[in-house]
Number of protein chains: 2
Amino acid sequence: MNMRQTAEGTARPAGRPRSEKAEKAIVDATLDLLGEGIGVAELSIEAIAARAGVGKTTIYRRWSNKEDLVVDALATLKPPIPPLSGTSVRDDLVTYLRVLREESSHQRTRCIMNIAMSDSERHPRLAERFREIALEPRRTALRGVLRRGMETGELRADLDEEMAMAILSGAIMWYTKWHRSGVEPPEDVAERIVDEALTGFRASGW
Amino acid sequence: MNMRQTAEGTARPAGRPRSEKAEKAIVDATLDLLGEGIGVAELSIEAIAARAGVGKTTIYRRWSNKEDLVVDALATLKPPIPPLSGTSVRDDLVTYLRVLREESSHQRTRCIMNIAMSDSERHPRLAERFREIALEPRRTALRGVLRRGMETGELRADLDEEMAMAILSGAIMWYTKWHRSGVEPPEDVAERIVDEALTGFRASGW
DNA sequence: CAGTTGCGCTACGCTCCCGTTGCGAAACTC
DNA sequence: GAGTTTCGCAACGGGAGCGTAGCGCAACTG
């Protein structure tokens, strides 16, 4: 037997083991560069290697192409989902949107979002991964709040879940993205969006 | 006098005049390439020249850098804004959102949008121009509908215009962008968004 | 110990694009 | 016709990044 058992019981081949430190450095460097606004297309292996303090070979040995590396890098990201207490639907929604607003004030988050949005056509696997990691958990959380509200009667029983989610997430996103470029949205966007959405635009008589 | 007066009365220098056809071909080629998903960063002058059937020199003679060219190219785009009859706020909003949905089904529109969104950090002039040309006219139209509704009493008088606009535009955008990648949103997204937004999420007793 | 594999590094040939130059023809003015 | 400018085209030297290979050392196995 020319193999050795590791702690997990998997076989380890002879020779120097791959450095986990290098691996982490590569992933970190990738996220760093993406977070600085470098798009996937311009992202070069050489730049990553330089940033990570690593030889190009070390990268090529682990990932056969750039997309794989980026996918793996994105996979290490975990978006913060706040605890949604359930005190009231309004409170939970405000809390939820506040986190989104806070997040969007970080350049790194914005850049990652940009990549997810614009490269979704050319790199479907990337978009898929992003949806899986960042989007779905949030959708689930948000959906939970809405369902709870519909059960307790705080929300209309015939509320269109999907539309409600699109309205809330879309509004905060639109606001942070388009409402005066570079200018942060007002402190109370979250509250205001939630209140308008809960109340509805229509006047009472109609 | 070694100049000749053109119809407009401006002086025309001696020599072969610049070809308007070439100019148009360059701009078209640029928009074509961007519309195929090529980002601004990867967009090469050589590719534009080849696509336009034009020498590189002809491009460099008119634009000193790529950003200028892209800005000018974007400036030729005019987004369709439907006539908003004013019959009812609901109808106008549905019409408005329907156009946005229809537009977002064209790859070209999606790519241009992507560029506007993701390159806003690195090319502020570009984002500025996009806002000016595509965004503001629509915001104005949408704002008009909302104001009219507030005057006629169809909408709440204390409606937060900005929030309402963010909710409507954001919702359709979110929906077309994120709700199942590649899958077109349902036929009646526009109606559903508008109705949920007008009615509000809250149950009547609350 | 010998054997194997990973490490960082340098260097290679290759491709793409840059921005510029020179060419002969075309399209103008005077 | 003489002069001027633009045209498309081909070519240039140069930089950046590709993916690969070879170096000598490091870190493992047996």
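How are α1(A) and α4(A) oriented to each other: roughly parallel or roughly perpendicular?

Analyst: The model is a predicted one. In chain A, helix α1 spans residues 20-35 and helix α4 spans residues 66-75, and the two pack at an angle of about 90°. An angle of 65 to 115 degrees counts as roughly perpendicular, and α1(A) and α4(A) are therefore roughly perpendicular to each other. Their axes lie 9 Å apart.

On the α1(A) side, the contact is made by A:Ile26, A:Val27, A:Thr30, A:Leu31 and A:Leu34. The α4(A) side contributes A:Leu69, A:Val70, A:Ala73 and A:Leu74. Sorted by class, the residues where α1(A) meets α4(A) are eight nonpolar and one polar, with no charged residues.

Helix α1(A) also packs on helix α6 of chain A, residues 107-118, at an angle of about 90° and with the axes 8 Å apart. With that angle, α1(A) and α6(A) are therefore roughly perpendicular to each other. Here α1(A) uses A:Leu31, A:Asp32, A:Leu34 and A:Gly35, which meet A:Gln107, A:Arg108, A:Cys111, A:Ile112 and A:Ile115 of α6(A). The contact of α1(A) with α6(A) divides into five nonpolar, two polar and two charged residues. A:Leu31 and A:Leu34 take part in the contact with α4(A) and also in the contact with α6(A).

Domain 1 of chain A covers 17-69 and domain 2 covers 89-197. The centres of the two domains, taken over C-alpha atoms, are separated by 30 Å. Their contact takes 10 residues from domain 1 and nine residues from domain 2. Between them the two domains bury about 890 Å², with carbon and sulfur atoms giving 54% of that area. On the domain 1 side, A:Gly35, A:Val40 and A:Glu67 supply 55% of the area buried against domain 2, more than any other three residues. A:Gly35 is also one of the α1(A) residues that meet α6(A). The interface of domain 1 and domain 2 of chain A holds three salt bridges. Elsewhere in the list of charged pairs, A:Arg125 and A:Asp68 meet through their side chains in a salt bridge of 2.7 Å, N to O.

A:Glu42 forms a salt bridge with B:Arg122, with the closest N and O atoms 2.5 Å apart. A:Glu42 lies in the loop between α1 and α2 of chain A and B:Arg122 in the loop between α6 and α7 of chain B, so the pair joins two chains. Another salt bridge links B:Arg192 with A:Asp160, again with a closest N to O distance of 2.5 Å. The count between chain B and chain A is eight salt bridges, and the search over all chains finds 50.

The contact between the chains takes 53 residues from chain B and 53 residues from chain A. It buries about 5,600 Å², 62% of it on carbon and sulfur atoms. B:Trp174, B:Trp178 and B:Phe201 supply 17% of the area that chain B buries against chain A, more than any other three residues.

Chain B has its own α1 and α4 pair, with axes that come within 9 Å and cross at roughly 90°. That makes α1(B) roughly perpendicular to α4(B). Among the residues in this contact are B:Ile26 and B:Leu34 of α1(B) and B:Leu69 and B:Leu74 of α4(B).

Note on methods. Residues are numbered from 1 along each chain as its sequence is written. Chains are lettered from A and ligands numbered from 1 in the order in which they are written. This is a predicted model: local features need pLDDT of at least 70, side-chain atom pairs count only at pLDDT 80 or more; totals for chains, interfaces and linings use all residues. Side-chain values use heavy atoms; hydrogens and water are left out. Axes are lines fitted to C-alpha atoms, for helices over the stretch in contact, and angles run from 0 to 180 degrees between N-to-C directions. Helices (H or I, at least four residues) and strands (E, at least two) are DSSP runs, numbered from the N terminus. Angles under 35 degrees count as roughly parallel, over 145 as roughly antiparallel, 65 to 115 as roughly perpendicular and the rest as oblique. Contact means heavy atoms within 4.5 Å. Ala, Val, Leu, Ile, Met, Phe, Trp, Tyr, Cys and Pro count as nonpolar, Asp, Glu, Lys and Arg as charged, and the others, Gly among them, as polar. Domain bounds come from an automatic or database domain assignment. Buried area is the accessible area (1.4 Å probe) that two parts lose on being put together, summed over both. A salt bridge is a side-chain nitrogen of Lys or Arg within 4 Å of a carboxyl oxygen of Asp or Glu.
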